[in-house]
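Please keep the sequence and the model in view while reading.

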Amino acid sequence: MNRWPNILVMFIALAILGGCARQATKAELFPLMYEQKPRSIVILPPINESTAADAPTYYSTTVQEPLVYTGFYVLPYEISTDILHNEGITDGEQLYDMPLNMFKEYFGADAVLFTRIKKWDTAYLVIASTLTVEVECELKSSISGEKLWNYSGTVVIDLSGGSYGGDPLSLIVKVVATAVSTAVADYVPYARQANYMALSAMPYGPYHPKYEKDAGEKIFIQDSHKKK
């Protein structure tokens, strides 16, 4: 529970650094969420735009929990993906431009969540290393096909191994520590943080105490919301 304050602070910092300091209310940015009132969601297999082939496997374990905390009924991811795999669907991109009515008909879901892994990598330069996870999430109606909501989350972590005292020994220690921390980096906790950042901008669902009480909450406007 106490993860939220830290995550939101990080999100605000990233938004300001990214020049996205303008704000609007959730109702202004996502009016269809309040009009269509989706209650149940199917999560599709992630669309991988990163260079890491194994990113979808790890990332897919991080989506369902924060979506449930946002107040929606979420069809168990393992079950829905098994069904989709049996139909030859292994990537959400295969369904992005397709009619989504079948999810209402066969799953009873009101909406479908698409996720895109934009970045899932480390940048390594001898004594400095950073890990970046960037994801985009988009919710579409399974009835009208309209986009109900979309937002992104980015986490950048410094993996550099401690401070450098200026002498050769401390430089060697820092180089080794940076190499080790980069080699063993675990992306999953940062993927969870990226998801929480994105989903913090989603209007709450019917199983959350703040359902229909958050229309006036202000969030940062991202570039994807400026396209009109």
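Is lysine 104 buried, exposed or partly exposed? Lysine 104 is partly exposed, at 33% relative accessible area. Buried means under 20% relative accessible area, exposed over 50%, and partly exposed in between (1.4 Å probe, protein chains only).

## Basis of the model

This is a predicted model: local features need pLDDT of at least 70, side-chain atom pairs count only at pLDDT 80 or more, and totals for chains, interfaces and linings use all residues. Residues are numbered from 1 along each chain as its sequence is written, and side-chain values use heavy atoms, with hydrogens and water left out.

## Helix H6

H6 spans residues 77-86. Helices (H or I, at least four residues) and strands (E, at least two) are DSSP runs, numbered from the N terminus. Tyr77, Ser80, Thr81 and Leu84 of H6 are buried. Seen down the axis, the buried residues of H6 fall within an arc of 95°, so they line one face of the helix. The arc is taken over the directions from the helix axis to the C-beta atoms.

Strand S2 (40-43), helix H5 (64-69) and helix H7 (101-107) are among the elements covering those buried residues. Contact here means heavy atoms within 4.5 Å. Glu78, Ile79 and Asn86 are exposed on the other side of H6. Glycine 88 follows H6 and has a positive phi, near 85°.

## Salt bridges

A salt bridge is a side-chain nitrogen of Lys or Arg within 4 Å of a carboxyl oxygen of Asp or Glu. By this rule there are eight. One of them joins lysine 26 and aspartate 214, at 3.4 Å from N to O. Lysine 26 lies in helix H2 (residues 26-29) and aspartate 214 in the loop between helix H9 (188-199) and strand S8 (218-220), so the pair ties together parts 188 residues apart in sequence. Both lysine 26 and aspartate 214 are buried. A network of salt bridges links Lys26, Lys210, Asp214 and Glu217.

Glutamate 49 pairs with arginine 116, with the closest N and O atoms 2.7 Å apart. Glutamate 49 sits in the loop between strand S3 (47-48) and helix H4 (55-59), and arginine 116 in strand S5 (residues 111-125), so this bridge ties together parts 67 residues apart in sequence. Glutamate 49 is partly exposed at 38% relative accessibility. Arginine 116 is buried at 15%.

Lysine 104 meets aspartate 110 in a salt bridge of 2.5 Å, N to O. Aspartate 110 is buried, at 15% relative accessibility.
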